[in-house]
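Hi,

Here is the structure I promised to pass on. Have a look at it first, and then read my notes below.

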Amino acid sequence: MSAAADKARRRVRRAPHVFCTWQGEGRLVQSPRRASGVPASPLVMDVLDQLGAWTDVDRLARTVDLPPPVLDIVLEGLSAHGLIETEGDRVTVDDGRPEATPWHGWSPAAYLFHLATRDVTFARRDSAEPDSRTPRPPAELPPLGTFDIALPPPGLADASLRATLRDRRTHRRFAPGPIPIEALGTLLGITFGVQAWAHAGEGPLALKTSPSGGARHSLEAYVWVRRVDQVAPGLYHYRPGPHALTRLDDRTEPGSVTSWLPAQPGYEDAAVVVVLSSELARVAWRYRSARAYRVVLIECGHLAQTFCLVATALGLAPFCTAALADTVIEGDLGLDGRMQPAMYVVGAGRVVPGAWQPHAGQPAPPLEITELGRALADRVTRRSNGPRPRRRRASGR
Ligand SMILES: Cc1cc2nc3c(=O)[nH]c(=O)nc-3n(C[C@H](O)[C@H](O)[C@H](O)COP(=O)(O)O)c2cc1C
């Protein structure tokens with residue numbers, strides 16, 4: 001069969017969740033996965049209107065009354081912008097409809113944002129390269145007024161808390177060997193375990209070491225045990241009430257950590273990898289606003305920080321990463337990506353002895369410890385004598 005006949009016979013459809021905005025003078029149609037779109041001309045809209053289902057290209061040419069070579073150019077442009085899909089190609093956007101899912105009660109913008117940030121290709125160089133066209137934004141804001149009040153140095157009496165806060169670093173290489181089961185129990189129990197049940201009118205509400213909007217605690221911990229004494233390697237779900245791990249029947253470990261965390265080979269030696277997945281229905285049952293999704297994202301940060309601090313206190317090397325292969329992780333764990341999306345990954349392993357070195361093969365950047373940093377390192381807690389007097393800065397902003 002000729003290439004031209006192949007082209008005519010192929011089937012295309014509109015990519016799911018394509019949306020339209022009004023910008024300046026005109027309309028723009030785009031995919032949630034792309035930063036740019038194409039002008040929503042009558043021709044583009046006509047073609048997209050016809051493509052609600054898989055459609056033969058030759059039939060489409062007749063319907064929109066375009067010569068096939070011209071239609072090919074239009075389709076190439078739409079495909080390059082992620083606006084149409086060709087049958088047989090890898091589908092990159094979840095095509096499930098948000099109806100009958102927790103997203104339905106929130107603004108469509110929440111779902112579009114969620115889709116826009118899924119399965120990002122972190123391996124692509126340009127996705128994480130600094131923008132060379134503009135200067136780097138300053139790391140600190142300039143003074144926003146004329147006066148400063150110099151604050152007393154931090155004085156945290158609890159030396160072990162001080163040391164834990166000071167020593168937490170993100171590790172991306174780990175010493176070989178297992179961590180004790182007790183360490184795993186401590187990590188999971190303190191971070192995700194239920195510390196108390198509050199008996200509210202709606203039913204029992206879990207209280208944990210982290211806060212949670214409306215005490216929904218939608219984030220579940222799925223644990224990939226890799227090297228833990230007395231626990232067989234495999235995929236587990238942590239049950240926060242009884243403080244137990246349930247082995248996920250019929251689920252097999254992926255071949256490598258990089259299939260979950262692309263382009264991050266350093267995590268291969270981690271002892272444990274924990275996926276935070278949100279049971280969105282728990283949140284949507286109470287909150288019918290897109291802000292509920294923001295709350296879920298914020299809660300990921302609370303739990304991850306607790307996990308990293310507990311790991312540090314245990315003398316382990318923690319990490320957290322947002323560079324996930326969402327769809328692969330959800331598939332491996334048997335999660336429904338629309339109802340129970342993978343949101344964030346944390347993990348821990350054994351510390352490599354010697355100075356902290358975030359990346360294998362690269363020296364650690366030189367650190368200049370600040371006054372505040374030194375205060376955490378101080379053995380003696382300094383007493384506060386109250387705020388120092390205001391100082392007028394020599395020059396204003
Ligand atoms: C939300 C979030 C996402 C992150 N994603 C990644 C990531 O994709 N890859 C990675 O190597 N580190 C990731 N990190 C770790 C940061 O790179 C790290 O926190 C930062 O370099 C500061 O170093 P520190 O954690 O040792 O203070 C992430 C951290 C946060 C809070």
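Contact, as I use the word here, means heavy atoms within 4.5 Å. This is a predicted model, so local features need pLDDT of at least 70 and side-chain atom pairs count only at pLDDT 80 or more, while totals for chains, interfaces and linings use all residues. Residues are numbered from 1 along each chain as its sequence is written, and side-chain values use heavy atoms, with hydrogens and water left out.

Let's start with Ser31. Leaving aside neighbours within four places in sequence, Ser31 is in contact with Phe19, His81, Gly82 and Leu83. You'll find Ser31 in the loop between β3 (26-30) and β4 (38-39); helices (H or I, at least four residues) and strands (E, at least two) are DSSP runs, numbered from the N terminus. Is Ser31 buried or exposed? Ser31 has a relative accessible area of 3%, so it is buried (buried is under 20% relative accessible area, exposed over 50%, partly exposed in between, with a 1.4 Å probe and protein chains only). The Ser31 side chain also reaches the backbone nitrogen of Arg33, at 2.9 Å.

Now the charged pairs. Side chains of opposite charge can pair when their charged atoms come close. The rule for a salt bridge is a side-chain nitrogen of Lys or Arg within 4 Å of a carboxyl oxygen of Asp or Glu, and by this rule there are 11 salt bridges.

One of them joins the side chains of Arg118 and Glu330, at 2.8 Å from N to O. That pair links distant parts of the chain, 212 residues apart: Arg118 is in the loop between α5 (108-116) and β7 (147-149), and Glu330 is in helix α10 (residues 326-333). Both ends are tucked away, with Arg118 buried at 7% relative accessible area and Glu330 buried at 4%. Arg118 and Glu330 also belong to a network of salt bridges with Asp326.

Another salt bridge pairs Arg282 with Glu220, where the closest N and O atoms are 2.8 Å apart. This one links distant parts of the chain too: Arg282 sits in helix α8 (residues 280-284) and Glu220 in strand β10 (residues 219-225), 62 residues apart. Here Arg282 is partly exposed at 34%, whereas Glu220 is buried at 10%.

Finally, Arg166 forms a salt bridge with Asp167, with closest N and O atoms 2.8 Å apart. Arg166 is partly exposed at 33% relative accessibility, and Asp167 is partly exposed at 38%.

Cheers

Key: A polar contact is a pair of N or O atoms within 3.5 Å; within protein, one must be able to donate a hydrogen and the other to accept it, and residues adjacent in sequence count only if both atoms are side-chain atoms.
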